[in-house]
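User: I would like to learn how to read the features of a structural model, one kind of feature at a time. Could you take me through the general idea of each and then the case at hand?

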Amino acid sequence: MPLFLKLSALLSLASIVLGFPQYGSLAGLSERELDAILPTLRARKADPPPPPLKDTSAKLVNDKKHPWEPLRPDDIRGPCPGLNTLASHGWLPRSGVATPSQIVDAVQQGFNMGNDLAVFVTYAAMLVDGNMVTNLLSIGGKTSETGPDPPKPAIVGGLDTHAVFEGDASMTRGDAFFGDNHSFNETLFDQLEDFSNRFGGGNYNLTTAQELRWQRIQQSIATNPQFSLVSPRYFTVYAESVFPLESDMSLDVTAARGFFQNSQMPTGFFRANRSITLNTIGSGVGNYVLDPTSADFGETCLLYTNFVNQTVRSLYPSPKGALLSALNQNLDFFFGPLKMRNCTQVFPYGKP
């Protein structure tokens, strides 16, 4: 190779290493790029997810220890109003960068999300959008803190990444096809308010959520030529519909705006008095049989197997060293909620 080409290649690789953020996703990077980047990262052992809550009764969560605070210039927020709200109240790091175990704990404590659902969706997002080696995940997307993008086809760290945690038919965010999948959408919230008046007596409740969820899916089908509702988004699209409901499973429209637009819990907010689990979000949900390869709520094991063998394996074809160890650990955590469902654990890189 001519000298100038060697220098060009070395400078290109150096720019990747120096500009790579500590919580950028490693997914899709070449073996050579990984060899250069991994030694520069502060490796952190993945801590296990917290256990289920012992007390799942209603609880005041907008308390003195968790006051709402306005965003600081470098704070990160993303497409999930629930995580945004937890960060703005300090249940998550207010920076918007957290470990998976911190996210699981926060959604359990703050919204009474069931441990199985919390672990399942959090580690699915981590495996695709997070940094395996540093054990950190951004709840948003591209910001000044993430540094230059890693080379394609890598996925830039953060939950703004389309079609995994975030996806089409959000309640108050537009589809990625239309250009902005993370900002509050006033038109969509006006629809939420209308449905709350029509179906919830002026409140956002389970009936409102059910009707609005159906409406948003139909709208996306009709207007988005790239609409997709396959697993794991098939699960999160329903989970996001019920996260803000208070202890009486209802929320007035003013409080709902606080959540969806301002990441703020209403004064005296109590979490729901029951856990929302994988079984809860699956009850009464219709099955859109459009993609026979995608799992639905009755095929959790298929969802798991497809996600590991297809999604994760395609992003990390030949990991080694610290990256391989971290991947295997996170894959093990991801499988945890499925042990009681008689699913068979998959080891895409061989048993550790």
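Predicted model: local features only at pLDDT ≥ 70, side-chain atom pairs only at ≥ 80, totals over all residues.

User: Where in the structure is Thr300 placed, and is Thr300 buried or exposed?

Analyst: Helices (H or I, at least four residues) and strands (E, at least two) are DSSP runs numbered from the N terminus, and Thr300 belongs to helix H11, which covers residues 300–315. As for accessibility, buried means under 20% relative accessible area, exposed over 50%, and partly exposed in between, with a 1.4 Å probe and protein chains only. Thr300 has a relative accessible area of 7% and is therefore buried.

User: With which side chain does the side chain of Thr300 make a polar contact?

Analyst: A polar contact is a pair of N or O atoms within 3.5 Å; within protein, one must be able to donate a hydrogen and the other to accept it, and residues adjacent in sequence count only if both atoms are side-chain atoms. Here the partner is the side chain of Arg341, at 3.5 Å.

User: How is a pair of aromatic rings described, and how many aromatic pairs does a search of the whole structure find?

Analyst: The description rests on the distance of the centres and the angle of the planes. Rings of Phe, Tyr and Trp (its six-membered ring) pair if their centres lie within 6.5 Å, and planes under 30 degrees apart count as stacked, over 60 as edge-to-face and the rest as tilted. Searching the whole structure gives 11 aromatic pairs. One of them joins Phe177 and Phe178, whose ring centres are 5.1 Å apart and whose planes stand at 80°, so this pair is edge-to-face. Phe177 has a relative accessible area of 37% and is therefore partly exposed.

User: Which parts of the structure does the pair of Tyr204 and Phe260 tie together?

Analyst: The rings of Tyr204 and Phe260 have centres 6.2 Å apart and planes at 80°, so they too form an edge-to-face pair. Because Tyr204 lies in strand E3 (residues 203–205) and Phe260 in helix H9 (residues 253–262), the pair ties together parts that are 56 residues apart in sequence. Both Tyr204 and Phe260 are buried. There is also an aromatic cluster, formed by Phe120, Tyr304, Phe307, Phe334 and Phe335.

User: Which residue lies over the face of Phe195?

Analyst: A charge sits over a ring if NZ of Lys or CZ of Arg is within 6 Å of the ring centre and within 35 degrees of the ring normal. In this model Arg198 lies over the face of Phe195, at 4.8 Å from the ring centre.

User: At what angle do helix H6 and H9 pack?

Analyst: Axes are lines fitted to C-alpha atoms, for helices over the stretch in contact, and angles run from 0 to 180 degrees between N-to-C directions. Helix H6 (residues 186–199) packs with H9 at an angle of about 150°, and the two axes are 11 Å apart. Angles under 35 degrees count as roughly parallel, over 145 as roughly antiparallel, 65 to 115 as roughly perpendicular and the rest as oblique, and H6 and H9 are therefore roughly antiparallel to each other. A crossing is left-handed if the near helix is turned anticlockwise from the far one by less than a right angle, and right-handed if clockwise; the crossing of H6 and H9 is right-handed.

User: What is the phi of Asn112, and where does Asn112 lie?

Analyst: Asn112 has a positive phi of about 65° although it is not a glycine, and its position is the loop between helix H4 (100–111) and helix H5 (115–129). With a relative accessible area of 0%, Asn112 is buried. Ala169, also a residue other than glycine, has a positive phi near 65° and lies in the loop between strand E2 (137–138) and H6. Ala169 counts as buried, at 0% relative accessibility.

User: How many residues along the chain lie between His89 and Ser263, and what separates their C-alpha atoms?

Analyst: His89 and Ser263 are 174 residues apart along the chain, and their C-alpha atoms are separated by 8.3 Å. His89 lies in the loop between helix H3 (81–88) and strand E1 (97–98), and counts as buried at 0% relative accessibility.

Technical notes. Residues numbered from 1 in each chain as written. Heavy atoms only, no water.
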